[in-house]
Each structure stands twice: as structure tokens, then as C-alpha cells.
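Let's walk through this model together, one region at a time. Keep the sequence and the 3D view side by side as you read.

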Amino acid sequence: MMEISVTFLLTGCLIQGVFCGFSISLPKRVEALQGSCVFIPCTFDIDQQYVTELTDDSKRIWYKDGNSPTVVFDSSSPNTASLKGEIFGTPTEKNCTTRFDNVLQRDKGSYYFRVEGSKNLKYSYTNKPEYKVEIVVIDSPPKPTVSLFKDQQKVKKVKEVKEVKEVTGVTEVKEGSSVNLHCSTKIFCSSRPANLTWTSSPEHLLNKSVTQQQRQEQTELISDLIFTVTHRHHLANFTCTVTHQLQKQNTKHKSRTLRVQYAPKNTSAHVSASGFVLEGRSVTLSCSSDANPPVLHYTWYRDTEEPLKPVQSGQNLTISNTDPTHSGRYVCTAQNEHGAQNASVMLDVQCEYQEALLIYSQSLLYQTSDFRLDTHTHIY
């Protein structure tokens, strides 16, 4: 019974014209740019019994599918077909990779491949849906694709809600990370190569510390920006622009905004009053810092104490009823999840009699100056 089933299977393959061992590998869909060329990566295989019939003189043919399939390219007469181009390699290499030139909207549709060798080798690859390729013709080139990689891992975009307006395409990385901004664009025609360029806002970010690498793969042109992230890259905008050399120059661009997480920077502390503070008055010490995420904790210390003991938490330190014992240096520590930074400020609290003494001293200074001026005038 088993022998009968196997015999029937083989016979069925031959009767239906489907030779076991025939296969083809090609994309289900390719995009062609109007007026440009298109590449179809393709390899095929045949049944072993026909290997000797496959020679370098064998025909490689493309058909446009439909109610009445039509030949659009024949390797034996490439200049007479409706589509001009080239099939690469040789039939014995089982290569069917093809370039079609000057593709127009009328050329969109489904295509299949056929091989014809000597004697009985004549086979059209149509018995499976995946054996056909759909050519889609677009009027304008798409925007390039910009991705971010950190430690060779792709970093996902995040959504940021800011003042009701949603900002998309923002990417978060940590300061000190080595990143790769990866821009790629589809190659439609190698005879009219595209060009990729990078710009940044602010402009100075594309400096000597940034490595730019460009390479071409089978169907893509790729440009990489490789650099180490600092807090200066926070909210920086990087734009990749692709220029296609068509009948008219066509440019498209895609941008990516970096959001950098970093420890507090540029921390500073200051006193609300300039100069000295009069005893009994109120004074406020303020601390500020640049950080992302924002500072989680502000802590105030007196550096006259060893070890330092926290005086108060919060961005502002207010002393309502000052006296000379409050004089001294105050240290503010700004901290978030990535680190901390200190800043200090001097507070000078003076008694009322000290203020009066200062005023009196200043008065004597002015009187002495006036006397010298009068004496000077009298001599002349």
C-alpha cells in the first residue's frame, strides 16, 4: 500500500506539470520609484532530473501575471521586451536576480519567473503564491528611517506629554552611553545613487568626537553617527536627509530628538539679600540645578559642623529671625537617581550696632574725602 501511494504521488507531480524539486526564492513585494529602476533579488532551483538540461544558454523569462500572462523580459532577446533591464549571473548559477529600468505606473502588478532549458526543461514558477513578486510603483521616494542603538540594542521611542501637546519620536538614553544613530534609505537604482547627510540642532554637536560611517548594502544605503552622549545632547535634534538623483533632485528627511538622563549639573546657591543680613530680619537661601530627571532632593547643610548634618530639605532654606550665630557657609546638595552635586553660599548676619558703626565709618570716610577736596581746591 505504501509503494502504491509513493508511485501515485510522483505520477501526480508529473501529470500536473509540477516537478518535485522546483523552487524559487524572491521577495513578495518590491517598490519601484517612478522613472527609476528596481531590483528583484532572486534564486531558483530545479528538479535533479533536469540538471543536465540547464546550461548557460538556457532562457530566463519574466511574465506579468493576469488573465493573459505576457512576456515582459526574455534573457535571449533583452532589447525586444516591454521592460528593459538585466538578469544577473548565469542560469547554471541558478541566479534570477533582475534589474528593470525606467519603471512606470503601468508596470505595477504581479510577476513570475520561467526557466527554459534544452529538451524537456520548461517550467513556470506559479504553483505557489509566494513564488510571485508584486511590483509597486511609487511617485515619490519615502523618508529615510532613523533608529537609535545603544550597546548594539535598538532603543525604542517614547512619548512625552508636555503642556498638553504630545511629542513623539523622542528617545531617552543615559549620559555616558555610546550610541549609534542609524539612518537608512532604500536603494531604488544603483545607477542613480542616493546620498545621505546629517545635520544637528545645535549645529556644533556634529564635531570631531562624532564618527560618521556610510555603507551600501544590497537594497539599502546606510549612514551611522557614533558618539558618546553627554548632557549637552539633551533635547538635541539630529536630522538625516536623503537626496535622490532623479530627473529632478528630490530630498526627504527624518529627525530624531535625544532626551538624555544625567546627574545634576551647574548647581548654584545664593542668598536673597545682597551683602550682609541685619540681625532679626528674615533671609532665604535658594538652590538651583540642571538635571534630568529633575532634582529629586535638595538638602541644606552647615559646613561649620563635622560631620555635616542636614539643616533642612527643600530647594529654599528660610531663616525667619536671624542672629550672628546663623552666619557661615551653607552647602546645598542637589540629587537625582543618577548622582548628586554640591554648591555653597556665605551668609553674613550682623548686629544693629555693627550696622550703625559701618554707617558712621562710611560717613567719616566721606567727610575726609570732602576735606581733601577742599584743601586741594584752596591750593589752586
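Isoleucine 226 sits in strand E19, which spans residues 220–228; helices (H or I, at least four residues) and strands (E, at least two) are DSSP runs, numbered from the N terminus. The model is predicted, so local features need pLDDT of at least 70 and side-chain atom pairs count only at pLDDT 80 or more, while totals for chains, interfaces and linings use all residues. Residues are numbered from 1 along each chain as its sequence is written, and side-chain values use heavy atoms, with hydrogens and water left out.

With a relative accessibility of 28%, isoleucine 226 counts as partly exposed (buried is under 20% relative accessible area, exposed over 50%, partly exposed in between, with a 1.4 Å probe and protein chains only). Which residues does isoleucine 226 contact, leaving aside its neighbours within four places in sequence? They are Val179, Asn180, Ser209, Val210, Thr211 and Gln213, where contact means heavy atoms within 4.5 Å. The C-alpha atom of isoleucine 226 is also 6.5 Å from that of glutamine 212, a residue 14 positions away along the chain.

Now turn to the largest pocket. Its lining consists of 14 residues, and Val30, Glu31, Lys186, Ile187 and Thr219 lie nearest its centre. A pocket here is an open set of points on a 1 Å grid over the protein atoms alone, where a 1.4 Å probe fits, with protein on both sides within 12 Å along at least five of seven lines; lining residues have an atom within 4 Å of a point. Strands E2 (29–33), E3 (38–40) and E16 (178–186) each contribute at least two residues to the lining of the largest pocket.

Strand E3 leads us to a sheet. Three strands form this open sheet in the order E3-E8-E7, with antiparallel pairing (two strands pair if DSSP finds at least two bridges between them). E3 and strand E7 (85–87) are at the edges with a single partner strand each, so one side of each has no neighbour in the sheet. E7 and strand E8 (residues 98–100) run antiparallel and are joined by three bridges, and isoleucine 87 stands opposite threonine 98 in E8.

A further open sheet has four strands in the order E25-E24-E27-E28, again with antiparallel pairing. Its edge strands, E25 (310–313) and E28 (339–347), each pair on one side only. Three bridges join strand E24 (residues 297–302) to E25, and tryptophan 300 has glutamine 312 in E25 as its bridge partner.
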